[in-house]
Amino acid sequence: MIKFVGGFDKVPSLPNTQFPEYAFVGRSNVGKSSLLNAVVNANVARTSNTPGRTQTLNLFNIDDRVMLVDLPGYGYARVSKEDALNWLQRLEEYLMTRRQLRRLFILIDSRIGARDSDLDLMDFCDIHGISYQIVYTKKDKRIREKSQQKISHENHPAMIAEILETSAEKKTGLEPLRTIIGIK
């Protein structure tokens, strides 16, 4: 059973649970909420075509065993610079203080590839020893960027070596995520 726990504006207001957390983060419009919905096979996270719609830390309880976290996007979104900075500070606070966090999934649009903001987050995680895994989204779409930067775990000590490739629309590449999280 999937239950929406709530949307939280501040990290200290998050519930203190014993459940392991798996968080989804990425640039605005990368498909975080769509992928989360595909992984749990239910429409629990709100999706939108407008970048920056997820503005709170959204928690979902899966069978009283696991928590999934839909984090606000970074990068392009129609918000003020002050709001964007607040989101970034909240993300850093979440990553640095949330003891329940087992893995951060950094989502990257496979059509575009990693941007500076993705690489900055990866560097932050590497410096602070925060385990993360790269998940390419929208693998069913045509690649737009010809000169995509290759990402390798050799340059990123906190990165899980296996890079996952998914399509929420075609429902492909979801099983490895489900296995990692421990849901079927």
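**Exercise 1. Which residues touch the most other members of the largest nonpolar core?**

Before starting, note that this is a predicted model, where local features need pLDDT of at least 70, side-chain atom pairs count only at pLDDT 80 or more, and totals for chains, interfaces and linings use all residues. Residues are numbered from 1 along each chain as its sequence is written, and side-chain values use heavy atoms, with hydrogens and water left out.

Step 1. Settle the terms. A nonpolar core is a set of buried Ala, Val, Leu, Ile, Met, Phe, Trp, Tyr and Cys residues joined through side-chain atoms within 4.5 Å. Buried means under 20% relative accessible area, exposed over 50%, and partly exposed in between (1.4 Å probe, protein chains only).

Step 2. Pick out the residues. The largest core has 32 residues, and Leu71, Tyr94, Leu95, Leu104, Ile106, Tyr132 and Ile134 touch the most other members.

Step 3. Find the elements behind them. Two or more residues each come from strands S2 (21–26), S3 (57–62), S4 (66–70), S5 (101–109) and S6 (132–137), and from helices H2 (81–97) and H3 (116–128). Helices (H or I, at least four residues) and strands (E, at least two) are DSSP runs, numbered from the N terminus. H3 gives the largest share, five residues.

Step 4. Look beyond this core. Another core of 21 residues lies apart from it, and its members include Tyr22, Phe24, Ala45 and Leu68.

**Exercise 2. How many aromatic pairs does a search of the whole structure find?**

Step 1. Count them. The search finds three. Rings of Phe, Tyr and Trp (its six-membered ring) pair if their centres lie within 6.5 Å; planes under 30 degrees apart count as stacked, over 60 as edge-to-face and the rest as tilted.

Step 2. Take the tilted pair. Phe4 and Phe60 are 5.3 Å apart centre to centre, with 50 degrees between the planes. Phe4 belongs to S1 and Phe60 to S3, 56 residues apart. In the sheet, Phe4 stands opposite Phe60. Phe4 is partly exposed at 46% relative accessible area, whereas Phe60 is buried at 2%.

Step 3. Take the stacked pair. Tyr22 and Phe105 are 6.4 Å apart centre to centre, with 25 degrees between the planes. Tyr22 lies in S2 and Phe105 in S5, so this pair ties together parts 83 residues apart in sequence. Both Tyr22 and Phe105 are buried.

Step 4. Widen the view. Tyr22, Phe24 and Phe105 form one aromatic cluster.

Technical notes:
Pairing = 2+ DSSP bridges.
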